[in-house]
Amino acid sequence: MSNEEFRLLSDHDSADDDEDAESVGHLYTRSRKTLFTAKATSVLLILLTSITFNVVLLFKSHQTTIASSPYLKLAFDSDDTLWWNTEYSSENETEVDALWMRSIPWESGIIAMTNGEAAALDLPESQPWPWDSEKKRIYIINAHHILHCVRNLYISLQEYRHDKNQSVAWPHLLHCLDSIRQDTMCMADDTPRYVPLNAVHGFRPGDGQNRKCRNWDAIQQFVGEHDPCYKYIQPGNKELSNLERFQYCPDDSQYLPKIRQYFGYDESWLPSKDGA
Ligand SMILES: *[C@@H]1O[C@H](CO)[C@@H](O)[C@H](O)[C@H]1NC(C)=O
Ligand SMILES: *[C@@H]1O[C@H](CO)[C@@H](O)[C@H](O)[C@H]1NC(C)=O
């Protein structure tokens with residue numbers, strides 16, 4: 001910036017400037033200063049543009065930071081398309097039922113993390129993992145908890161539709177609904193779903209609309225890498241010790257001797273051959 005412009009910007013300090021020089025109207029009434037004013041205005045404009053640009057840049061980089069998931073640092077970088085209905089809400093009940101009952105990874109989501117990993121993520125204390133209680137702890141991934149919940153709600157609604165007794169207790173169902181409510185608000189997905197024009201038939205709000213998602217496979221991979229050897233056998237059986245559900249390690253697991261010893265199985269017992 002030149003000295004001249006600096007001087008001009010501080011002109012209102014001079015003695016002949018007896019009126020309120022900070023008023024924009026004042027600047028334009030002084031013909032002597034018109035040229036300078038034009039210059040000053042453009043300098044100000046450039047300054048303002050530059051400041052705005054920098055603020056937007058700062059804001060954007062901040063947004064990118066907070067847009068990543070808090071623990072695995074997953075960004076919203078996976079392409080996805082919204083559909084009002086998917087195969088999970090198609091008209092063929094047999095197919096829908098099979099998907100809700102078998103294709104949702106509702107049994108996975110429990111993980112075993114080393115104390116070090118948990119500390120690095122600043123997680124609260126959690127139950128020790130049975131086969132390495134000094135070194136590992138159990139956690140449950142929140143997204144999987146929600147999948148477990150929507151599956152429970154599906155089961156309950158199907159039982160209601162077909163006049164069957166409810167197999168999932170009401171407090172559990174209410175907890176599931178409430179969890180979805182909490183997570184929906186916490187995640188606050190701000191995608192504005194478009195509303196199809198009247199001329200477009202058969203389309204519902206958001207149909208075919210692109211959006212960005214986090215990479216589900218990345219979460220599933222993380223869960224796989226922290227296998228807790230858990231299988232939700234005999235769901236709802238409160239008599240069964242939960243330890244029974246933690247015996248399903250891979251056949252070559254280093255923990256097999258411990259598991260065999262605990263349950264009194266002989267050397268030939270393999271998790272994959274367990275009938276459960
Ligand atoms: C529903 O899907 C099943 C399995 O794919 C199929 O066997 C059945 O014929 C379908 N039912 C109808 C009404 O389309
Ligand atoms: C539902 O539960 C009631 C009460 O526990 C029982 O009498 C009835 O037989 C059950 N019905 C079915 C279809 O299982």
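What percentage of the 276 residues in the chain do buried residues make up? I looked it up: buried residues come to 10%. My cut-offs, with C-beta atoms placed from the backbone: buried is 20 or more other C-beta atoms within 10 Å of a residue's own, exposed is 12 or fewer, and partly exposed is in between.

Housekeeping. This is a predicted model, where local features need pLDDT of at least 70 and side-chain atom pairs count only at pLDDT 80 or more, while totals for chains, interfaces and linings use all residues. Residues are numbered from 1 along each chain as its sequence is written, and chains are lettered from A and ligands numbered from 1 in the order in which they are written.

Confidence next. I checked pLDDT, the predictor's confidence in each residue from 0 to 100. The chain averages 83, and 80% of the residues score at least 70. Helix H1 (residues 3-9) has the lowest confidence, at a mean of 39, and H7 the highest, at 97. Over residues 1-30 pLDDT stays under 50, and there the model has 20 contacts beyond four places in sequence. A contact here is two C-beta atoms, placed from the backbone, within 7 Å.

Layout. I found nine helices and four strands in the chain. These are DSSP runs numbered from the N terminus: helices are H or I with at least four residues, strands are E with at least two. From the N terminus the order is α-α-α-β-α-β-α-β-α-α-β-α-α.

H7 got a closer look. It covers residues 170-187, 18 residues in total, and reaches 25 Å from first C-alpha to last, close to the expected 26 Å; the expected span is 1.5 Å times one less than the number of residues. The number of buried residues among those 18 is one, so H7 lies largely in the open. Just after H7, Ala188 takes a positive phi of about 40°.

Then the largest nonpolar core: I get 14 residues, with Ile111, Cys229, Tyr230 and Cys249 having the most contacts inside it. Strand E2 (110-114) and helix H9 (256-263) each supply at least two residues of this core, and E2 gives the largest share, four. Such a core is a set of buried Ala, Val, Leu, Ile, Met, Phe, Trp, Tyr and Cys residues joined through C-beta atoms within 7 Å. Leaving out residues up to four places away in sequence, Tyr230 touches Ile110, Arg245, Phe246 and Tyr248.

Last stop, Glu117, in helix H5 (residues 115-120). With 15 other C-beta atoms within 10 Å, Glu117 is partly exposed.
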